[in-house]
Amino acid sequence: MVRTKQGIAAAMTASLLLLSACGAGTTTNDNTGGAASPGTNGEASASAEPVTIEFWYGLGGNLGDNMKALIDKFNASQNEVIVKGVVQGDYTETEQKLQAAIATSNVPAAVLASNHDWARRGYYASLDELIAQDPDFQADDFVPAFLEQGKVDGEQFFLPMYGTTQVMYYRKDALEKIGVKPEELTTWEALAEAAERMTVKENGKTVFYGWEPMWGSGNMIDAALSRGGTILSEDGKTVMIDSPEWIETWDAFRKWIHEDQIMRIHHGGQGWEYWYKTIDDVMKNRAAGYTGSSGDQGDLDFEQLGAMVQPGWEGVGEGKPVASALLAGIPAKASDEQQQAAFKWLTFFNSSENTAWWSMNTGYIAVRESALEDPDFKAYSEANPHSRVPLMQASQASLPFTDPTGGKINDALTIAVDKVQIENIPAETALREAKQTAQAALDQVK
């Protein structure tokens, strides 16, 4: 990868050191309440009509409920802005709908989506001026790696709303049954061995799976990075996804899914349907565990389940999965009034109090370091040790890949992973085809 893990590791290590003083609630850095919108004198006329804006987000289930709760809290906290939440099917659908909205100039004021290439094309508004006008913004209070991910060519186009990384969730009874402790599963090889022992087959058909990776390229990229793979060469000129580290990793998963049948994936369906089917398998005792988002924690029963960091590989070391920020932006075609209102909403959401509340209720990682200082969050993390796992993993994580081709390398990986996970095509074949496509796209931007 062109960008390495060191930046996020340093930032999140600092956050981990603060974990013993975690908090959610009262801080001096909070942007909640009736603070003036950027560019106003702070005195809203009693007769002035509030500015109504749309905020698009692709969250369902517990996440959607929590988002609505914060929108309601914001609307009740002041009388200058009214946020109308518009739910989309998922993150991808949000971006697709936004693309159509930009084409018709009928855009929302804020959107839980980010696209660096679109920002360069002028589709998103730069936030630098709005930030400069807001004395309560306090950039140094954000987890540096998360805030940095919202920058495009040095300008702040997106704000981090919450951090995420994909961790491992397991049934406590399934591991206890085979006498394995979660702390022993430090490698994928050890996990596969345990998965084989936990798998139950009847008449040659698996009826209880030892593990369920999540559909898509995310888990597979994480595992390849953990083996030492990179997406691009150090100079950024060569696509490296057909290296032995990638082929061996992806073919191991192909074998576990299709040949050994100790793992499986759910795929397809509407929106997050595949995701919730995976969770249901574990919750309803059809699988021993799965790899999923830190944000799943609000949907899980931790009387039955535990959480652990992603493993590494034998002879390589600890896992290096990606930890990334979920970012929100303001479309450039929104009016100045709408942009100011949107900024007020976004900074309310990621205030120290609210980012800590979001973390406790969803499992996602708080984006402000001051959120870790409140005794409520400290008490919560002590009572719910699974809540510490995302922070523990983020301390050793890789930075998300920034695709210099505007998404064509990521698209090639998405096609390749379906061939391996769904079609049982050898990883070497799928990855070398993807390499050709991705390299051609990369050559066009050099």
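What covers the buried residues of α16? I found that the cover includes α9 (217–226), α10 (244–259) and α17 (427–444), with contact meaning heavy atoms within 4.5 Å. Helices here are DSSP runs (H or I, at least four residues), numbered from the N terminus.

I noted that this is a predicted model, where local features need pLDDT of at least 70, side-chain atom pairs count only at pLDDT 80 or more, and totals for chains, interfaces and linings use all residues. Residues are numbered from 1 along each chain as its sequence is written, and side-chain values use heavy atoms, without hydrogens and water.

**Helix α16.** I listed its buried residues (under 20% relative accessible area, 1.4 Å probe, protein chains only). They are I409, A412, L413, A416, V417, K419, V420 and Q421.

**S126.** I located S126 in the loop between α4 (116–120) and α5 (128–132). S126 counts as partly exposed because its relative accessibility is 27%, and that class runs between buried and exposed, the latter being over 50%. Leaving out residues up to four places away in sequence, S126 touches E155, Q156 and F157. The side chains of S126 and E155 make a polar contact at 2.9 Å (a pair of N or O atoms within 3.5 Å, one able to donate a hydrogen and the other to accept it; residues adjacent in sequence count only if both atoms are side-chain atoms). Their C-alpha atoms are 6.7 Å apart, at 29 residues' separation along the chain.

**Cores.** Of its 60 residues, F55 and W345 touch the most other members. Helix α12 (residues 336–349) gives the largest share, seven residues.

Methods
Helix = DSSP H or I, 4+ residues; strand = E, 2+ residues; numbered from the N terminus. Core = buried A, V, L, I, M, F, W, Y, C linked by side-chain atoms within 4.5 Å.
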